[in-house]
Amino acid sequence: MSLAADVLSGNRRALARALSVVEGKLDGCFEIMNTLYPHTGNAHIIGVTGAPGTGKSSIVNQLALALRKRGKTVGVVAVDPTSPFTGGAILGDRIRMRDLSGDAGVFIRSMATRGSLGGLAQATANVVRVLDAARFDVILIETVGAGQSEVDIARHALSVLVVEAPGLGDDVQAIKAGILEIADVLVVNKSDDPRASNTVRSLRAMLDLGNLRSVRQMVDHHGRLMEAIPAARELTAEADGWQVPIQQTVATNGTGIDDLVSLLDTHRVYLISSGELERRMQILAASELDTLLRESLIERLLNGVDQVQLAELVERVVTRDLAPQAAVDLLLENRL
Ligand SMILES: Nc1nc2c(ncn2[C@@H]2O[C@H](COP(=O)(O)OP(=O)(O)OP(=O)(O)O)[C@@H](O)[C@H]2O)c(=O)[nH]1
Ligand SMILES: [Mg+2]
């Protein structure tokens, strides 16, 4: 049997191996993805993002426990922080995850952050798909909200939790990172801290100003391919019926976690009944095709070009002998 077939039959060792192949884009990656892809699309994929130290791992841990109590199987994908300043968190994450170890209904995977960040987003998407095909009911993806790459990763989730916490030097840290706008649910964790009510107030003020709701649509950019799916744009106005809720939690003792699970259920139902799920799927598919098409075209083109000639071309642009667009035209016309 193939590795993919073993994954589909629930073999955990095969799952771990398939994940390594897919994450590292090793030989066999395409075959695995092609076989598994038709079996994906069933899991509730939840992104958990926010500034460093807000309590994302603690929340993921609590969510996983709460979901297990409800009989759901849970996959966890931890995208390690890229910043060296938060590198020490990894060990801590492992320790907190220990509540879950030994439970066959939970599978935890840490992504290694290597290579380009765009590559990380794609690798994470594929790792999530393998877990989806392995029939985990819920997949939790933890990313540190630190910029566009994290936003890209979070975009592959159906529901995005943005975690805030009081007392990290700023009322609302996620504003700076530009991740608030992708929130479906805002979580104010560390609500055992008296300053939490200030954080809630700031967030509510922003919600009331209408700054957050539906901005998600604008994040969904990408040109030509998106134009080919008019339905995706038509749905936008009607699907704008979700009010981003604010949920307070204390992840260290589980306060607010049951309510958070309920909110996530409600959001999933909303996504399906409003047509927003289909819209997001269309946008994701178009945007992924767009990305992969660009990569493939560039790779195909550059494969046929000699490295030395390419270096010379770059040099001609540097020395103002050739305008950048003219250099590109030369490449495209294969006249190097
Ligand atoms: N007082 C309090 N502390 C908390 C709460 N949730 C998490 N913490 C603590 O905050 C620290 C950071 O928690 P993590 O769950 O590692 O936060 P994180 O967002 O995953 O951190 P990074 O992955 O490093 O970005 C830990 O010491 C936790 O024990 C909470 O609700 N209240
Ligand atoms: Mg963490």
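**Exercise 1. Determine where confidence in this predicted model is lowest and where it is highest.**

Solution. Begin with pLDDT, the predictor's confidence in each residue, from 0 to 100. The mean is lowest, at 44, in helix α5 (residues 89-96), and highest, at 97, in strand β7 (residues 246-248). Helices here are DSSP runs of H or I with at least four residues, and strands are runs of E with at least two, numbered from the N terminus.

Where pLDDT is low, the predicted coordinates should not be read in detail.

Finally, take the protein as a whole: its mean pLDDT is 82, and 76% of its residues reach 70 or more. This is a predicted model, so local features need pLDDT of at least 70 and side-chain atom pairs count only at 80 or more, while totals for chains, interfaces and linings use all residues. Residues are numbered from 1 along each chain as its sequence is written, chains are lettered from A and ligands numbered from 1 in the order written, and side-chain values use heavy atoms, without hydrogens and water.

**Exercise 2. Describe the overall build of the protein.**

Solution. First, count the elements: there are 16 helices and seven strands.

**Exercise 3. Identify which residues coordinate the magnesium ion (ligand 2).**

Solution. The donors are Ser57 (OG) and Glu142 (OE), at 2.1 to 2.2 Å. Donors are N, O and S atoms within 2.8 Å of the metal (3.2 Å for Na, K and Ca); water is not among the atoms, so the site may look incomplete. Now locate the pair: serine 57 is in helix α4 (residues 56-69) and glutamate 142 in strand β4 (residues 138-144), 85 residues apart. Both residues are buried.

**Exercise 4. State which helix supplies the largest share of the nonpolar patch.**

Solution. Helix α14 does, with three residues. One residue in α14 is leucine 301, which is partly exposed at a relative accessible area of 30%.

Key
Buried means under 20% relative accessible area, exposed over 50%, partly exposed in between (1.4 Å probe, protein chains only).
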